[in-house]
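Subject: Structure handover

Hello,

Here is the structure you will be working with. Please look through it once, then read the notes below it.

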Amino acid sequence: MIGYGENRGIVPLATEEIFRRIDSNDDSSKAYEVSAQMVEIYNERVQDLLIDPSKRPQQGLKIRESKLHGVYIEGVTKVPVS
């Protein structure tokens, strides 16, 4: 997922591409807000990797679906990035 050197993974490659496209935008009427969430699914439990492990719910986070938001993870941390 992460990778190093010439073997960079999907996370750094995707992040670079997102910011490259934002930087190449010439339309001043458009504004961008980028945020990130990072989760791990292990043993059928969804864990939020952006919070202290001692504060994570033992049962994991719940995956939900709504007509308004689609599929989402309830209670996951969302942080702005730049």
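Glu44 sits in the loop that joins strands β2 and β3. Glu44 counts as exposed because its relative accessibility is 81%. The cut-offs for relative accessible area are under 20% for buried, over 50% for exposed, and partly exposed in between, with a 1.4 Å probe and protein chains only. The phi of Glu44 is positive, near 60 degrees, and this residue is not a glycine.

Please keep two points on the source in mind. This is a predicted model, in which local features need pLDDT of at least 70 and side-chain atom pairs count only at pLDDT 80 or more, while totals for chains, interfaces and linings use all residues. Residues are numbered from 1 along each chain as its sequence is written, and side-chain values use heavy atoms, with hydrogens and water left out.

Asn43 lies in the loop between β2 and β3. Asn43 is not a glycine either, yet has a positive phi of about 50 degrees. With a relative accessible area of 62%, Asn43 is exposed. The hairpin of β2 and β3 has 2 residues between its strands.

Now the strands themselves. Strand β2 covers residues 39-42 and pairs with β3 in the antiparallel sense over 4 bridges; two strands pair if DSSP finds at least two bridges between them. Strand β3 covers residues 45-48 and includes Gln47, which stands opposite Glu40.

Is Gln47 buried or exposed? Gln47 counts as buried, because its relative accessibility is 13%. Leaving aside residues up to four places away in sequence, Gln47 touches Met38, Val39, Glu40, Arg56, Pro57, Gln58 and Gly60. A contact means heavy atoms within 4.5 Å.

For the whole protein chain, there are 1 helix and 6 strands, in the order α-β-β-β-β-β-β from the N terminus. Of its 82 residues, 10% count as buried. The radius of gyration of the chain is 16 Å, whereas a compact globule of 82 residues would have one near 12 Å. That radius is taken over C-alpha atoms, and the globule rule is 2.2 Å times the number of residues to the power 0.38. The C-alpha trace spans about 45 × 40 × 20 Å along its principal axes.

Regards
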